[in-house]
Each structure stands twice: as structure tokens, then as C-alpha cells.
Amino acid sequence: MLMKGHITMNSNDLVQQKYISEALKRQQLEWDAKPEALNTNANGHNERLQHLSDDPWIDYASLKSPIHSGDNVKFLVIGAGMGGILMAVRLIQAGFSAADIRIVDPAGGPGGTWYYNRYPGLYCDTDSYLYLPLLEATGYIPSQKYVSGVEIRKYITQIIDKWDLGGSFMFASKVEKLEWDTTTHLWKVNLRVQRGPKNYQDVTNVTFNVRFPIAALGRFRGAQVARVEGLAEFGGSLFHTARWDYSTTGGSPEESAPRMDKLKEKTVGIIGTGATAIQVVPELARYAKELFVFQRTPAAVYARNNRVTSDEDWSRIASGDSWQEARQDNMMGHLTNTFPPGTEDIVGDEWTSKRAYSAAIGGPRPEGVTRAEHVQDLYADSFRLDAESRSQLRTRVSNVVKDRSTAEQLTPWYPVWCKRPTFSDTYLQAFNEPHVHLVDTDGKGVRRASMKGLVVGETEYPLDVLVLSTGYESRVSSLNIESAGHFTVLGRGGRTMTEKFDVQGTTTLHGCCSNEFPNFFWIGASQTAAPVSYTQLSEIMCQHICYIITEAHKRAGDNVNFLIEPSIDAEEDWSVKIMNGALRFAAITACTQGTLNTAILDIQNDSISEVVKKRALLNTWVTTRSYIVSFTPTQADVSVFKVVTTAPDPAKYPHAARWYKHIASYESEFATLPGDPLKPYTTYGPDIIEDKTAATTSGDNDEEEEDLFGSDEEEEDPEAIRLREERLAAYKEKKAAKPQPSAKSIVTLEVKPWDDETDMDALEASVRSIEKDGLVWGASKLVAVGFGIKKLQINLVVQDEKVSTLDLQEEIEGFDEYVQSSDVVAMSKL
């Protein structure tokens, strides 16, 4: 049902149609909206913009240098954020000495993102009782359910002091290269050490040996700047939220709610409405004379309901052994839908009610969903889980924001899994203040700046201060630790990690180590897990890595030169196991590009590509077949061939090698082979292997895990076959009994005029005049062809069962007064 004023939609079809129309606005055909990293090597960056990334908190005079050229270091932890510090603590708890550990970081102090981010209003966005690590070991009691950044930095210092790690840190130091020495069985590390305020001045290079490098790089690499034409020429004060300029605003970074009195006579602008801006905007609104918030996409802002930790609360929270781990598992169990109905929610906040967020972080697949053809069922299940929560969110915006137009512009129209939810009790309320103004760019973003301020459309907004809340370069989407850390890792055999993964796809064991890179470990999101709290992932991986290292020491005995390196078979098996779960993330494809979904899509696509990249699966598929489908070469073979990238080893995968060589002989004829060239390769090949861990809960026996080093030749259990067939039959029966969701495609059309005198406005109006059930028009632009002629490029979404693109083109070409021809230049499934 549609209502006037603030839009309320009760029909799932109408809601999804609204989602699609809003997503189309943000395709940005004519402009790449992706922000650029703020680093000293950024090509084309003005010096002023480069200096936005300078470290304002560093005290060079106080820095120590515990590493010298020629040193032999046992453990080198790369990264001094929460994960790196936790790694060092777990090593000490495992029996190693703090004297054997060195921690390096380009920042001027510990904390990672909590070191750099000191903006006003900064708080943790997840329950601090599960987010802050080592609470049981330190005995620390967080002051609130969601603690401030100031408190988190102080707690990090307490951890460092408790485990005597102060002398282990080497700050303002960046790893440039790690190279394996086959003679010494050590890693040779090149470290760039900066000891002065000017970039690339007062720099020395330190070379030393490391036995066990462990990279703990965190989620974010550095700040990003919006691509705004003329930004560097802005005449007022300009800074990024990750490098807050208190000399401009007033206040102190040691206060969670600083007094920014210097803004009282200032007009302030802020670009961005993500998780950071949600916290910053209310603080700016308290002090600025006028505040303009420039929005591309509205945030999903739920209630936070922060509260002080009472004695009663703490006695209830911190009860029982391993209570913090139990609390973390409880939150993830609810978010991933692995708990049965009625399981107690001990976290009890807005996060744990977001069950549809499992589309972003994973969880069990719905019963019977095992192939790419079942993606529509996954979509339907995710949208069903999201419907009530999202409806309540839209109602909340309508109730809180008094101005109807502003409320509509602040209403998010996308599923919960497309952008990380935010939580605030003051952000939406700030827009009820007369001096706070929302500048909604209708999905286009801010494109131009002037000396005086920002320009949106034809309107210039004069500003005294401009704050960039334009996010951070994500490391989560980096599929290997080399690219995530911007350093080179040269392994055994002289191949870098990037070169290996480019050829073979991402292949790791448990997401923390890889063949060809002995004794090298890392903490990251690729081929591991995606919990809401990154410290939970860090904790799990730190414990796992420590177990591997300590167990290897026990088994090696007196052999001090032992190596820890996964076998090729083990990492191949793990990669296939990861691939099995990739289908669960299919709903992410409904989202436009952003930090969260780009990261997940990168990881998911790499994992899905293992269906064909993994020689074992391909070899099995073509053992009894000459081609992927049919009895002659088709576009299915072309699609798979292009993704395999290199010929499989004939000694290990003879059938796959035979198929690859045969298809390669048709390479000159690829374009003429029958079949649909737009059909994705993931729709071909074997059934995705059943992931038996999907139904396993955290209480299951750990000893029943899959043996990654076992034989592949055992016959399948007849009982397992019977159960699988029963489940599939039940699924098909259930599927046949319910209405099927309509498949949708996003299409890009090019419409060509007769000549340079054709009225392009009238041409586009004619095209858009075509109305059909199942057709939604989206963003468009004019593309220069030559000699003053421009063609129309336009996006649209169609329901495949209702709208034929061929029929649509015929109708468009019927406007022969304007239209010469039309072409489909891109088409993909939603």
C-alpha cells in the first residue's frame, strides 16, 4: 500500500521496485564516484589533499627503535591495532616471551583505527562487552554498553602495560618487503622508518631477519577523499574525520564530547552520511552557526539506547567461565539464524534483531538450496527476513524527522545487508534544528567545489569549514595480505603472493597461511569469516595461529629450524570448502557498490570462481564428458575456459587438461559457438558440494571436523545419498507449492540518433514514455560519438517473464523521427 507524504510500502514487490529505482540512481554511468585513497603516492593528488593524511597525533621525539639492521627477530607482528596487540598477548599467554616479539606500524602509536580516529562523538557501534578483547583476563569493566573512542584508547594502553609490551613497538615504520631466504629459513624484512614530520624526509631503511612474520592489518588501510572537482581550491578549512583538526573546531581529542566553540560563527559542511557522519553530525550541530550535510545515500539509522554499566548489569554479564566468548557466539548465532527459535538473546540490542544481515555475513543456506539456479529462493528468503525490520526503520524516520521532505530524503531504500547499519539517538533528531540543512544529491554525490564552498546542481553552498566523512580504504576486500598491506611478499620459489593468487585463485589454509610462504601467518577476512565485531574474528584467528605455532614447537622438539607450511592439497580442499558456502552471499548482488558489499562481492566472486578454477572439481566434471554441456563446444565451454585462466597440470588433472587443450583449439571460433555468451559460468558444472558444517552448531564435537589431509577415494555413504535425495525431493515439492519470485535483469541500452540535429531531450522523453509492467527506467547519460553526435545510454531493470528486450527495442526504434537504432550493451541478472 502507498500513502501520501512519507512513503510507506507494505507490498514486498513495491518495496523491491523502490529498491531497484534507488539503486539505478547510484549506478553513476557518467562519473566514477569511488573515493580515492589519501596517501603520499596518490597520482594526481594536490599537495594539500595529500597532507590530509598526515598524522596529527604523532610525537616523533618520543619514538623508540627496538629493531636495528642485522637483528634476528622471532615474531614480527605487522600492525599495532587491536588485532596485532591481541596477537602479541596470545603469544605471551602461549609461553613465548615479550622480548621475542616486535610490533611495527606506520602510525605514531597503538590502536589502529582507534589511534587515528579521534573525532567528536566517536563510540563503538557494537556491544563493548563483546567488542573489547581480554575483558576476563584484565578484569576491566566498560563504563557503558557502547564505549567512547577515548575509553577504548585508554583500555588499549592498559593491555599493553599488563603484558609488558611497551618496549616491543616500533612506530612510524612501514614494512616494504618480506623475502624468504631458502638458506637461513628466515624472512628478510625491509622496513622504512620515518623519524621526521615531512613525508619521505628523515627516513632510514632497516633490514633484518624474522622467523615468524604475522600480519594483523585490520579492516581499514587509510582515509579516502571524495572525487570532487576543485576540492583542493576550496578557500576554507578542510580536513578528514580520521585526522580531526581541533585547531579549527576547538576542543580536545581526549574528550568524547569536546566543546567546539570555534565553530559558533562558522558555516560548516560535511560530505558523507556513513557510520562516522552519524556520530559527527550531532556534535557539529551543537556548535556550528549553520551546518550543511551533503548526502549521496541515506544511512539506515536505528536506535542505540546506550546506557551506563551498573553493578547489577555487570554481575549478570560477566557470569560463568568464558562468558565473553559465549556472548560473542550468542550475537552471531542470532544474526546468522543458526539458533532455534526461542534461544535467549543475551546481547539484546538492535544489532541482534537484524536477521537478514546474514546475507552479508553468512549462515546456513535454506534447505535444498545447493545450486546457482536457486538464487531466487535465497533472495526471497533474505527479503522476507528483512521486511518487518526495514518497515519499522522507515516508520522511525517518519516519526522522528518533522519535515516531510527531509524525512523522505533520509529514508533508506535498500536491504539491511547492503550497508552496515548505524545506531544513534541524536542523528535524525539533529535535522529538526533550524540551522541544520540536508543537501540530498539524489544519488549523484557532490561533484564540484569552488573557492567559496560546494556546488550541487546549480546551487553553490558557501562554507567556512568543510569536513570530509568519506570513509576509508577497505582491506577486507583484499584477497591476499600482500595487496592489503601494500608490501611485497616474495615466497619460496621466487613468486609473490599476488602472482600465485592471480594464477591459482585465492588458496589458503584456514585463511591464515598459504603454501610457498613458510612460517608466514596473517589475520584477515578472506576465506575465514565475517562477524560483525572484527575483534571476534581477530580473537579466533589469533588463538588458531598460536595453536599452530605452539603445536609445531612441541612436535619439532630439538629441531629449531622447522617450517610450518600447508600442503597444496590441504589449501585446495579448504578453498573448495569455502566455495561451498559462497552461494549464501548471492543476495549481495542486489546492492550498489560500497565498502561493505564490494568487500563481500570480491571475496564471494573469488570463492565462487573456485568452482572452475579448482582443477579437482573441473577434472571430475569432464571425466565422462567432452564438453561442459552438450556434445559439441558451446558458450558454456568458452565461459569456463576464460575463468580457468591456465592449463591444469596433466599429471594431476588429466581430464581437465585434456578438455582445456581441446577447447583452446577453438579459441579463434569462440564468438561463433552456439549458446548464450552472457550466461555466467557459475550456472554450469557440478552441483555445489553439500556443506555439512552448515547445520553444525557451536556445541558440536570439534573432533568431527573434516580431515583436510585425508583421502578423496572413499565411497559415498549410501545413507548420506538417501538423506540428500530425500532433502532435495522435499525441497522441490516445497518450491513447486509456492509462487516463484520473478527473475530480474539490469540492462544498459544505447539509443542512436540520426544526426547531430536530433533533439536528444525529445528522444529520451520518447524512450521513457514506454511504460510496462515489470519495467523500471533508471539513470541515463549522453555519450559523444563524433562530429557533434551524441547517443543516449540508459539503464533499466526488467522482469524477465514480463518484458522482452527485443520487443522493447522494436518499440524504441518505432520513434523513427529521432531513433536510428538501439543496442543492448550490457545485461546482468539481479
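These legends describe close-up views of a predicted model.

**View 1. The whole chain.**
The chain holds 27 helices and 25 strands. Of its 830 residues, 53% are buried. Among contacts between residues at least 6 apart in sequence, 72% join residues at least 24 apart. The chain exposes about 37,200 Å². Carbon and sulfur atoms supply 49% of that area. A search of the whole structure finds 24 salt bridges.

**View 2. A patch of negative charge on the surface.**
Four acidic residues gather here: E136, D321, E325 and D329. D329 sits in helix 11, which covers residues 323-335. The relative accessible area of D329 is 30%, so D329 is partly exposed.

**View 3. A salt-bridge network of D127, K145 and R327.**
Salt bridges link D127, K145 and R327 in a network. Side chains of opposite charge can pair when their charged atoms come close.

**View 4. A salt bridge between R492 and E565.**
The closest N and O atoms of R492 and E565 are 2.1 Å apart. R492 lies in the loop between strand 20 (488-490) and helix 17, and E565 in the loop between helix 18 and helix 19 (568-580), so this pair ties together parts that are 73 residues apart in sequence. R492 is partly exposed, at 32% relative accessibility. E565 is partly exposed too, with a relative accessible area of 28%.

E176 and K174 meet through their side chains, at 3.6 Å from N to O. E176 is partly exposed, with 33% relative accessibility. K174 has a relative accessible area of 18%. The cut-off for a buried residue is under 20%, and K174 therefore counts as buried. In the other pair, K177 forms a salt bridge with E179. Their closest N and O atoms are 3.5 Å apart. K177 is partly exposed at 28% relative accessibility, and E179 is partly exposed at 30%.

**View 5. C546 and its contacts.**
C546 belongs to helix 18, residues 534-556. Its relative accessibility is 7%, so C546 counts as buried. Leaving aside residues up to four places away in sequence, C546 touches M87, R90 and L91. How far apart are C546 and L91 in sequence and in space? They are 455 residues apart in sequence, and their C-alpha atoms are 6.2 Å apart.

**View 6. T276 in helix 9.**
Helix 9 spans residues 275-287 and includes T276. T276 is buried, with a relative accessible area of 11%. Which residues does T276 touch, not counting those up to four places away in sequence? They are Y119, T241, S469 and Y472.

**View 7. T395 and A407.**
T395 lies in helix 13, which runs over residues 375-400. T395 is partly exposed, at 37% relative accessibility. A407 is 12 residues from T395 in sequence. From C-alpha to C-alpha, T395 and A407 are 10.0 Å apart.

**View 8. N337, a residue with positive phi.**
Most residues other than glycine have a negative phi. N337 is not a glycine, yet its phi is positive, at about 60 degrees. N337 lies in the loop between helix 11 and helix 12 (358-361). Is N337 buried or partly exposed? N337 counts as partly exposed, because its relative accessibility is 22%.

**View 9. E516, a residue with positive phi.**
The phi of E516 is near 90 degrees, a positive value in a residue other than glycine. E516 is placed in the loop between helix 17 (497-504) and strand 21 (521-523). The relative accessible area of E516 is 13%, so E516 is buried.

Notes:
Residues are numbered from 1 along each chain as its sequence is written. This is a predicted model: local features need pLDDT of at least 70, side-chain atom pairs count only at pLDDT 80 or more; totals for chains, interfaces and linings use all residues. Side-chain values use heavy atoms; hydrogens and water are left out. Patches are made of residues with over 30% relative accessible area and no salt bridge: like charges are joined within 9 Å, nonpolar side chains (Val, Leu, Ile, Met, Phe, Trp, Tyr) within 5 Å. Accessible areas come from the Shrake-Rupley method with a 1.4 Å probe; for residues, only the protein chains shown count as cover. Lys and Arg count as positive and Asp and Glu as negative; His and the chain ends are not counted. The place of a charge is taken as NZ of Lys, CZ of Arg, CG of Asp or CD of Glu. Helices (H or I, at least four residues) and strands (E, at least two) are DSSP runs, numbered from the N terminus. Buried means under 20% relative accessible area, exposed over 50%, partly exposed in between (1.4 Å probe, protein chains only). Contact means heavy atoms within 4.5 Å.
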